[in-house]
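Student: I have a model open and would like to learn how to read its features one by one. Where do we start?

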Amino acid sequence: MPREPPVRVVRELTSRGYNAEREAVTLLAGASDPAAAVERAVDAAPDDALTLTTDHVREVVDDATPNASDSEADASGGDAPTAPTETAAAATATQSADPGPEAPTDETASATASTGATDDDIQPTESTTPVETKGVSEGQNAAGRRDGRDARDDSQRSVEIDGDITGESTGTGEYADFVATFRDRYDRLSKKLRGRVNHRPTDALDSMPGGSEAAVVGMVNDVRSTASGHWLVEVEDTNGVFPTLVMKDRDIADHVDELLTDEVIAVEGTISDDGGILFADELHFPDIPRTHSASTADRHVQAALVSDVHVGSQEFAADAWQAFADWLHTEEADPVEYLLIAGDMVEGVGVYPDQDEELDIVDIYEQYETFAEHLKDVPGDMEIVMIPGNHDAVRLAEPQPAFDEELRSIMSAHDARFTGNPSTVTVEGVDVLMYHGVSIDEIIAEYPGDDISYDNPHRAMEQLLKKRHVAPQFGGRTRVAPEKEDYLVIDDPPDVFHTGHVHKLGVGGYHNVRLVNSGCWQHQTEFQKSVNIDPDVATAPILDLNTLDVTVRKFA
């Protein structure tokens, strides 16, 4: 009797409320009668058990009828094994040998984008062109490809999470909470600038003689043009506000277009004769150091970076998601051990006007239940990390806490990890800053010209890194919750910056940080048509954690 694909075993177990260790799934799938083996394992499980262990399942399989070994021997094409575990391992090794880093496929090798470790502004190269992947090729056992994983040492896997607001939110919306947030922002970002300029507090600038060279570090309070076409930039610190003037004929005038209120900058220049203004010679941003050196994993391992699944929408690309899940079961996808999802698992309810007319599932909990079913199609041995987005059932104001316990229980397949938006997820030593990306809308809207647009979202991501803050401007499109500290500050440079939200694919780099905006799994809605967004659907950027190269897979 053919071995049952492990994915079906996982589905059957999760439908009964159980998780299982990877080898336990392998043993059940390798049994002569997998369905009966699952039945025996569940019946024999302790009342308080949530996870079926390998030892527990082995006892159930070993107690099976004597003919089981013969059946497995026939299935694997060899002699009768001494134990069911060895048979499962042998069958797995035969069916799904890991090609390893020394033998990449031609298609994958040609679709790899180099980070360009010394480039200041890395742009997507031809190698980031999506690779058309229409599911699984004929003759491949999609569901069984990842059985066993005998050649893999999963002890090398590691996932750590930092910067998560979940369980730490203390803000009540009072004035004092906002003061605390902005003071914390100023204190942390100003420290990154003070070593670069000989700064003075704003109240000390008033007493400096005209013609003195001076510098100030503060938050942008206001930006406006003068009658002569120059720019007046008011900078505020904890002591007051001081005006700085950027002359229109200076090279730094171009940087004025990048300024957002509430971001922290440094201005160097000369005090006017009357001492009332600082003529700006230089503008400095907290920025990612050009000397930043990205960390990489110690082995050939990859992560799929996806976002904006939008289950529940009439435009959800279900077939494309299934093709993606099927591909993850293939030998080609064997190095892909991590799945990082940057928000908007579901379409949500009441997110934009007349959204109900575009819903396929109107109940929010049913949306998550359906998403969970689609998540089960992903190989059961993948490590999954998810953050929420603006369509998800969490608070809209950022930072957003992770999904609550009820939603976590619905999306419990594969023991997925849930963290807040934003969070830094360190995967085998590689720091991945995951942020859903609502503020990208604001960056695009505020920045003139076509250099930063929805067609190149990674350029907006560069600005967020430059400002060292994922949502610098308060009171605009991005809702910000006041907290005791500003969870949106980018304290340490990440190795990878992963966003979504805008439904456009963008791959690039900035000061040796890999930038990935991962597109979406939702075809164009009427609302998107109204705002001229043509989404990049069913794109799955695959990040090589050993090199930070990116391969973009297309499944539609």
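Tutor: We start with contact, which means heavy atoms within 4.5 Å. Leaving aside neighbours within four places in sequence, Lys466 is in contact with His255, Glu258, Phe285, Pro286, Asp287 and Tyr510. This is a predicted model, where local features need pLDDT of at least 70, side-chain atom pairs count only at pLDDT 80 or more, and totals for chains, interfaces and linings use all residues. Residues are numbered from 1 along each chain as its sequence is written, and side-chain values use heavy atoms, with hydrogens and water left out.

Student: In which element is the place of Lys466?

Tutor: Elements are DSSP runs numbered from the N terminus: helices are H or I with at least four residues, strands are E with at least two. The place of Lys466 is in helix 15. The protein chain has 16 helices and 21 strands.

Student: Does Lys466 count as buried or exposed?

Tutor: Buried means under 20% relative accessible area, exposed over 50%, and partly exposed in between, with a 1.4 Å probe and protein chains only. Lys466 has a relative accessible area of 12%, so this residue is buried. Of the 556 residues of the protein chain, 56% count as buried.

Student: What is the accessible surface of the protein chain?

Tutor: Accessible areas come from the Shrake-Rupley method with a 1.4 Å probe; for residues, only the protein chains shown count as cover. The total for the protein chain is about 23,000 Å², and 44% of that belongs to carbon and sulfur atoms.

Student: What can contacts say about the protein chain as a whole?

Tutor: Take the contacts between residues at least 6 apart in sequence: 72% of them join residues at least 24 apart. Leaving aside neighbours within four places in sequence, Ser212 is in contact with Gly269, Thr270 and Ile271. Ser212 counts as buried because its relative accessibility is 17%.

Student: How many salt bridges does the structure hold?

Tutor: A salt bridge is a side-chain nitrogen of Lys or Arg within 4 Å of a carboxyl oxygen of Asp or Glu. The structure holds 20 of them. In one, the side chains of Glu337 and Arg299 meet at 3.0 Å, N to O. Glu337 lies in strand 12 (residues 336-342) and Arg299 in the loop between strand 10 (278-284) and strand 11 (302-306), so this pair ties together parts that are 38 residues apart in sequence. Both Glu337 and Arg299 are buried.

Student: What is the partner of Lys376 in a salt bridge?

Tutor: The partner is Glu373, with the closest N and O atoms 2.9 Å apart. Lys376 is buried, at a relative accessible area of 11%, whereas Glu373 counts as partly exposed at 45% relative accessibility.

Student: How should I read backbone angles?

Tutor: Most residues other than glycine have a negative phi, and most peptide bonds are trans. Asp344 has a positive phi, near 60°, and lies in the loop between strand 12 and helix 12 (364-375). With 1% relative accessibility, Asp344 counts as buried. Arg468 also has a positive phi, near 55°, and lies in the loop between helix 15 and strand 17 (496-499). Arg468 counts as buried at 4% relative accessibility.

Student: Where are cis peptide bonds found?

Tutor: The bond from Glu398 to Pro399 is cis, with omega near 5°. Pro399 is found in the loop between strand 13 (383-387) and helix 13 (405-410). The bond from Asn421 to Pro422 is cis as well, with omega near 5°. The place of Pro422 is in the loop between strand 14 (417-418) and strand 15 (423-427).
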